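Please find my notes on this model below. They are set out as numbered points.

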Amino acid sequence: MPPQCPFGLAGPGIWAGFARATTISHNEVSDLPYRGISFGWAGWHTNAVTPWMNPNIQADNVISDKVVHNVMGVRQDGGAIYTNGPQGQNIEHGMTIRDNVSFGNKHTNFAYYNDEGSAYIVMDGNVQYADSGSPFQGLGEMAVVEGQ
């Protein structure tokens, strides 16, 4: 990814809103003022407790084999990989976040940040080091974490 985000200080390097069967894989995201990758929409308080009440089309998406570094250089409240809203209708057809590396990020709250309303996410084999924040946030009962 180029070092300048086309959306100014508020945009991530890669953004996918309502996506289905999308794979973001095998590339490097770096040198950004805000999040590295932002995936999903329609979360927040409306479905933090009952995400199945506001279904959306997201399903069968993957973020894998990425290197995300030197993001969150200016903004706060984000991470290397950020999700929002339900990522599917069930865990079998949700989001997989696998084998990513996050390092050297400045104002990271959490390297892998599943914000309110995020659900149906499998996280496996992700690594974080030399970041200012914690590894994970928002892992609810509809998320699976393996081998981190």
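1. Is S30 buried or exposed? S30 is buried, at a relative accessible area of 9%. Buried means under 20%, exposed over 50%, and partly exposed in between, with a 1.4 Å probe and protein chains only. S30 sits in strand β3 (residues 28–30). Its C-alpha is 9.0 Å from that of N105, across 75 residues of sequence.

2. A word on the source. The model is predicted: local features need pLDDT of at least 70, side-chain atom pairs count only at pLDDT 80 or more, and totals for chains, interfaces and linings use all residues. Residues are numbered from 1 along each chain as its sequence is written, and side-chain values use heavy atoms, with hydrogens and water left out.

3. Overall make-up. The protein has 14 strands and zero helices. Both are DSSP runs numbered from the N terminus: helices are H or I with at least four residues, strands are E with at least two. Of the 148 residues, 47% are buried.

4. Salt bridge. The whole structure holds one salt bridge. The term requires a side-chain nitrogen of Lys or Arg within 4 Å of a carboxyl oxygen of Asp or Glu. R98 and D124 form the pair, at 3.4 Å, N to O. R98 lies in strand β8 (residues 95–98) and D124 in strand β11 (residues 121–124), so the contact ties together parts 26 residues apart in sequence. R98 is partly exposed, at 32% relative accessibility.

5. Second largest pocket. Its space is about 160 Å³. A pocket is an open set of points on a 1 Å grid over the protein atoms alone, where a 1.4 Å probe fits, with protein on both sides within 12 Å along at least five of seven lines; lining residues have an atom within 4 Å of a point. Eleven residues line this pocket, and A10, W15, R35, S38 and W41 are the closest to its centre. The lining counts seven nonpolar, three polar and one charged.

6. Nonpolar patch. W15, F18, W41 and I57 make a nonpolar surface patch of about 450 Å². Such a patch takes residues with over 30% relative accessible area and no salt bridge, with nonpolar side chains (Val, Leu, Ile, Met, Phe, Trp, Tyr) joined within 5 Å. I57 belongs to the loop between β4 (37–39) and β5 (61–64). I57 is partly exposed, at 48% relative accessibility.

7. Loop contact. G73 is in the loop between β6 (67–69) and β7 (81–83). G73 and K106 lie 5.3 Å apart, C-alpha to C-alpha, yet 33 residues apart in sequence. G73 is partly exposed, with a relative accessible area of 32%.

How values were computed: Points joined across faces, edges and corners; volume = space filled by probe spheres on them. Nonpolar A, V, L, I, M, F, W, Y, C, P; charged D, E, K, R; others polar. Patch = residues over 30% accessible without salt bridge, like charges linked within 9 Å, V, L, I, M, F, W, Y side chains within 5 Å. Areas by Shrake-Rupley, 256 points an atom, 1.4 Å probe, with all protein chains shown as cover.
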